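Here's a quick briefing on charged side chains and who they pair up with. Have the sequence and the 3D view open as you read.

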Amino acid sequence: MTATPAGATRTALRSRATVLIALAALPLLLAVIGPILAPHALGTPLTAPFAGPGEGAVLGGDQLGRDVLSRVLHGGGLLIAGALLVATVTTAAAALIGCVAVLRPALGRAVERSADIAILLPPLLGIMLIALAWPGGGRWAVIAAAIVLGTPYAIRIVAAAASPLAAAGYVEAALARGESTRYTALREILPNLRSTVLTLFGLRFVEAIYVISMAGFLQIGPQPPASDWSLMIRENAPGILLNPWAVLAPSVAIATVAITVSMVTHTLAPDSTTKAATRT
């Protein structure tokens with residue numbers, strides 16, 4: 001039996017999604033099990049400072065002669081965990097509040113004003129302000145700043161996507177039969193925003209990766225001798241001409257995780273909002 005064009009398209013999409021998920025899972029898996037695979041101890045000098053790749057160190061040494069590969073394998077776990085926390089909290093708050101905001105105009109206006117203020121405040125300035133107010137916060141201060149600054153904008157995105165659904169017949173019917181705002185938002189609107197919520201999660205994850213990395217590059221968060229991708233870039237930047245891998249390896253690791261997760265969430269996001277808005 002010959003497959004229909006629609007069936008062939010779905011099969012192709014599933015195959016593509018499977019490949020992308022595998023690509024995204026690989027760097028995430030390496031970040032989790034990296035410390036087990038690391039060939040050398042983190043603090044043990046093996047080479048001369050900024051020595052090139054050799055027999056004892058596949059990617060050469062860093063500014064203290066420590067194995068770059070071992071430090072890269074150790075350096076991604078906390079960064080990825082922090083980005084996942086930021087993306088999860090921000091997306092969950094945006095999904096809940098955004099769906100309620102379209103049913104409550106006063107809340108919707110407050111969300112818009114908050115988002116306008118958050119957009120005007122540069123992320124780096126917000127991170128520095130929260131870090132100064134919380135001197136011992138370290139990476140937790142950076143995560144808190146990313147959540148506080150990112151949530152209003154994320155809520156506005158969800159509210160914009162949910163706005164057409166608020167006028168749909170099934171939503172009006174739910175309100176007419178006396179359903180609560182919470183029920184209508186969570187049971188009637190939110191399930192039809194899977195595409196928006198999944199895409200938003202991917203975007204928030206990518207932004208969190210770069211925001212936390214930027215803060216780490218400025219030494220707001222982990223401090224030497226901790227092994228962290230962003231901190232490695234800062235520490236080894238002066239020797240990039242001597243051993244480029246000391247900077248390129250953590251940079252490529254950050255970019256790979258961010259790009260693959262973004263591609264996976266975009267591929268898996270179903271195109272359901274338009275159909276839901278026109279459904280009676």
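At 32% relative accessibility, E207 is partly exposed, a label for anything between buried (under 20% relative accessible area) and exposed (over 50%), using a 1.4 Å probe and protein chains only. Keep in mind that this is a predicted model, where local features need pLDDT of at least 70, side-chain atom pairs count only at pLDDT 80 or more, and totals for chains, interfaces and linings use all residues. Residues are numbered from 1 along each chain as its sequence is written, and side-chain values use heavy atoms, with hydrogens and water left out.

**The pair in helix α9**

- E207 teams up with R204 in a salt bridge, at 2.6 Å from N to O; the term means a side-chain nitrogen of Lys or Arg within 4 Å of a carboxyl oxygen of Asp or Glu.
- R204 and E207 both sit in helix α9 (residues 194-217), and because they are 3 residues apart, about one helical turn separates them.
- Helices here are DSSP runs of H or I with at least four residues, strands are E runs of at least two, and both are numbered from the N terminus.

**R66 and its two partners**

- One partner of R66 is D62: their side chains form a salt bridge at 2.9 Å, N to O.
- D62 is buried at 0% relative accessibility, and R66 is buried too, at 5%.
- R66 also makes a salt bridge with E235, where the closest N and O atoms are 3.9 Å apart.
- That R66–E235 pair ties together distant parts of the chain, 169 residues apart: R66 lies in the loop between α1 (5-37) and α2 (68-74), while E235 belongs to helix α10 (residues 229-236).

**Around E235**

- E235 counts as buried, with a relative accessible area of 14%.
- Setting aside neighbours within four places in sequence, E235 touches F50, Q63, R66, R71 and P224, where contact means heavy atoms within 4.5 Å.

**The wider picture**

- Which residues are linked in a network of salt bridges? They are D62, R66, R71 and E235.
- The structure has 6 salt bridges, among them R204 with E207 and R66 with D62.
- As a general point, side chains of opposite charge can pair when their charged atoms come close.
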